[in-house]
Amino acid sequence: MKLCRAQISLMGIFDWFTVLLLGIQLSFADSIPPNIDLPELEKSLVGKRFREVSSGDSGVDFINSWKAPRDYERALTLSFGAGGVAVGDYDGDGRPDLYLTRPFGGGQLYRNLGDFKFEDVTERCGLAGEEFWQASPSFADIDGDGDLDLYVCAFDAANRLYLNEKGVFKECAKEAGLNFKGFSVNMAFADYDLDGDLDGYLLTNRPFSPDENYSVSDRATANRVYRQLQKDAKGNFIMPDHLREIFEVVWNPAGQMHMFIRAGQYDHLYRNDGPVEKGGVPRFTDVTEVAGLKDNGMGLSATWFDYDADGYPDLFVANDYYGADHLFHNDGDGTFSEVTLEALPHTPWYSMGSNVADLNNDGLLDFMGSDMMGTNHFRQKVGMGNMSQNAWFLDHAQPRQYMRNSVYMNTGLGRFMEAAHMTGLAKSDWTWALKFGDLDNDGHVDLFIGNGMTGDFFNSDTTAAIRNGTYLPDQVDEERPPPKKDTNLAFRNLGNLRFENVGESWGLAKAAASFGVAMGDLDGDGDLDLVVNNFEDPVSLYCNDSPGENHRVKIQLKGKKNRYGIGATLKAIMADGEILTRYLTLSRGFYASDDPVVHFGLGENQQIGELQIAWPGGVTQSVKELPADRFYTITEPEKSDLVNPIGEAPLFTRMEMPPGGKHFEMTFDDFDRQPLLPQKYSQLGPGVAWGDVDGDGDDDVFIGQGRGFGGRLYFNENGKFEGRSFDCFKIDKDCEDMAPLFFDSDGDGDRDLYVVSGGVECEPGAAVLLDRLYLNDGKGNFSKAPASALPGAAESGSVVCAADFDRDGDTDLFVGGRLIPGRYPEVPASQLLVNDGKGGFSNATPDSLAKTGLVTSALWSDVNADGWVDLLVTHEWGPVKVFLNHEGRLLDETKGSGVEELLGWWNSIAAADIDADGDLDYAVGNVGLNSKYHASNAHPVLLYYGDMDDAGRPKIVEAEYEGKTLYPVRGRSCSSNAMPGLKQKFPTFKSFALAPLDDIYGRDKLKESKKLSANILESGILINVTQKGGPPKFKFQPLPRLAQISPVFGLAFTSIDGDAFPELYVVQNFFGPQRETGRMDGGVSLLLKNNEGQFSPIWPDKSHLLVSGDAKALTISDLNNDGLPDFHVSVNAGRAMAFEANPKQTNADQFLCLQLKGSEGNIDVSGARVSLRGKSIPTFTQQVSSGGGYLSQSSPRLFFPIGSLKADVLESLEVRVYWPSGKESITQVRDLKKVDGRYWVEAPR
């Protein structure tokens, strides 16, 4: 492609719009004559994508060398040994220049001469004055005169503001009110009040003094601090003002003070009030407290971005160590509200760099924060240390903080999903700089990561030796270890939340201690180059040699007052509808500010179909059909020419007062008996069951509770729910409620209640593990059935589901055994309970079913359409098993079904005919792909259970592969706490980290142990390809990648678009994993559209389905009696949620609501299969399920979509029912009677 220079007017309309071709100077400088073609780019890549330009060739001879006085050596352990970088065209010649900082030797300004040649102009430009300890620099037009000024933060010195006066800088910080003296990290500029000038958020870190070494672990210091604590008006302990920039108090959720931690200086928000007189120095006012931004964390990065697209820049602040990160929402009135808990599931622990980008091209701004998780097993285990010392913090931080990167995906509803593990970006070593940019111009934003540290200060052996007084350094200088040179990383964005590590192939995998990193097009060829400021090494300049196979566009904004358009959002809409989004903000990553020029990679697109710009201040603008491979300057118009479209009504609306209230869960230490448990099993509920218990025609609901709290029944009174508890529930409050189930146990025509008892808060066989049966008097009053009604098996259970599997007219039960308290993963007993028709049950479980495994859920369903309901059972550490019903005998026919080798951590199962072929398919929930666990056939996740240390009691050992080597999942600290002999066998963290599993526990011990494996972690669909009457056959189809962002528990099918292909809704998250793994809380639930058997995500801002807690049961019922299917979600230790179908999107006429009327003993006709058939349309097939999903029983009503059917088809509709008795019936819809809002089909006699 040829790149040339021109200035044109677009169609005579955009006379304010200057178009410059790539590589051309904005001011038409003399260095490039007009109308000269630039050389064509190579069509294919020659060598690596990036080429490091040596200092000899570039003229950038800058090195950040540590030359601190000996008193300041301890400062090396902080971030203040870092060097920063700012990129910007300070002299207006069209070429971005560089300013580099370091602690010693002074910063340097390098003028860009073109062709990657630079000259040092520091002294010429007035920047070679008094030397001071320089931290992060920022280029920004602070005085609004159109050129870039320079602000430099300082360590233990006053910050500097250099105003640009025609290329020469004048220091004016004191006059401007920006000469803060302390321990500054970064000044992040943004126009937060939208008055047209740039304000600044000054990020600070902890004070440092050579004479003081405050330690939170020093007992004498702790005693002094505790004696000085004060109390606020509510009686809570608070840190006195004179200590608040040294220490802070940390609270747990119960309001009990847990510890005090190291704090930093207070950050400051400075409002730009402009100059006193025109052309003068702007004056800044500290408005921190008024704005509500008081934060004294140990700050390392601050990033402005408009996450909710309301036009006002919001602020993310990343704090190191125990200090919480903060997301501050700009309220638009000069104040901010902290929304961290509402918006983010968790944050990095040692937060460092942060950056913002649209990672999935959906038009919403995502962002990322960095930490220091090792990229391999060895680095993780050497850096993990004794995590038990931080148990208090890992268990109580709000939000939780984990030592790994976080990747936040914007839902558009004020809440972010978190996808670091799934994207492959969770672990990147000691990471400072995060730099997003489309490095290969393919239309997807890529990531460069700068790594390393001034020393290996987090090595667990070193820190332990220092703490014990036994540290003997290898170096001559005892107080200064060598730099920790980690390999820098580059990740190519492959789309669909997949990133590929391409650091080596792209030429960016340099081992260094890299801190500040900035991006810009340094050679004017239209792609992004990199500047990396290294510690004790020369600066790395990377020239991007990407070929011309992909197109690109650069855009310079020219604002009316905010001259560079800082805070603007630009959206490039492609021909295929894909949206590329950029937010113009300066402070990104760590210790860096980028060139304020917007870059888009366009891939094969030769133009931008439409460019939409939301300018700071509210003006919106649209430009159509922009040719690629050009550099555009776009001037802010006087008024908007883009009308904001009216938003489409959401599919669902959240119910204000859903039934269920709050679920209570008493804290229990599962790990006391089994320290190496992978997760807690004491918080797996609550379950939910729907049914009309009082005979008034609408569905009531029972919701279980945790140990110590009785379950409650909520009666539906015309769409309003009244909670009631009964004495029998209260008496059994010491039981942990798992799955509840309404069914007619005694054949008297009303719905009784069965509740499974589970949990681990007891000994095996304890009375509280006995399941319970409560009898209904027909009016909704319940009393406990005689003890003789049930066999009396005291097992910790999970699921109960009902069907007449033996066709004797009453309802039988399957009850799944979940685990044995204190003896995980030993297998408990599951039960097949046969009903005698009078409310008495006997255990008739075949051996293959009794010890089937660790059962999580189950579903009765006629898999092979032979008229006999079969049983599908999901397992942890096992397959989804299929027990085929041979005329009342259940036989395990999993082998050969296509699912026997799919060993997962399956949680749930639901049935629907997803492909309209007349049979039932099954959605199955799994743990997903967004965790530290990875599984495949070749390299499964493993768990061993045996007496590993000859202590006479079996222990758990988790294991995973790295390459072909099997390593333990748990580290030396927690493993040796459970098996003390490991400390002697492996005296150092390094020796343990190097050892494979066989060397740690012995091959013979592992061979003798029980071995469990999981080779698939994805949730998916079991496509039913079984022949009628034949053995079961399935094909597994994973759910879309976004659905794998968190464990799936509750799942349910319904229709939202009126066709024959039902949509699937899943609810997610699990807060139970052991503290080192951390909560699996990245999901918010997800609605999946069914495209003729293939599913695709419906983004939460379209569905308005958002559940961010520890979601469990998902059920469907008509909550408000409008004839539409609604969702109800239970949340462990949280409030129940419900979502009503939005009448603006759908109405009752679009659904045919059916309910089957059975005989006494099986009044809900559990297990029946129902098909809706009509002329020239696919068959709609559903089943009546009593139990299934995850601890769920939905309403027995069936909602068939008919909104898309024409009148003649509606007239021909017939309902075919395959009854549990083996009979079939066909009824014309026009002949059905509608009572209580639904059509009833009666069982044949």
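The following legends describe close-up views of a predicted model.

Local features in this model need pLDDT of at least 70, and side-chain atom pairs count only at pLDDT 80 or more, whereas totals for chains, interfaces and linings use all residues. Residues are numbered from 1 along each chain as its sequence is written, and side-chain values use heavy atoms, with hydrogens and water left out.

**View 1. Domains of the protein chain.** The assignment, which is automatic or taken from a database, gives domain 1 (50–207 + 264–558), domain 2 (654–932 + 1015–1227) and domain 3 (941–1014).

**View 2. The interface of domain 2 and domain 3.** The C-alpha centres of these two domains lie 37 Å apart. Their contact (heavy atoms within 4.5 Å) takes 22 residues from domain 2 and 18 residues from domain 3. Together they bury about 1800 Å², 62% of it on carbon and sulfur atoms; buried area is the accessible area (1.4 Å probe) that two parts lose on being put together, summed over both. On the side of domain 2, L676, P825 and W877 lose the most area to domain 3, together 42% of what that side buries.

**View 3. A salt bridge of R970 and E1076.** The side chains of R970 and E1076 meet in a salt bridge at 3.8 Å, N to O. The term denotes a side-chain nitrogen of Lys or Arg within 4 Å of a carboxyl oxygen of Asp or Glu. Across the interface of domain 2 and domain 3, the rule finds one salt bridge.

**View 4. The largest cavity.** A cavity is a set of points on a 1 Å grid over the protein atoms alone where a 1.4 Å probe fits but cannot get out. The structure holds 17 cavities of 30 Å³ or more, and about 570 Å³ of space lies in the largest. Its lining (residues with an atom within 4 Å of a point) has 37 residues, of which A911, F1053, I1116, Q1182 and Q1183 lie nearest the centre.

Methods. 1 Å grid on protein atoms, 1.4 Å probe; cavity = no way out; pocket = protein on both sides within 12 Å on 5 of 7 lines; lining within 4 Å. Points joined across faces, edges and corners; volume = space filled by probe spheres on them.
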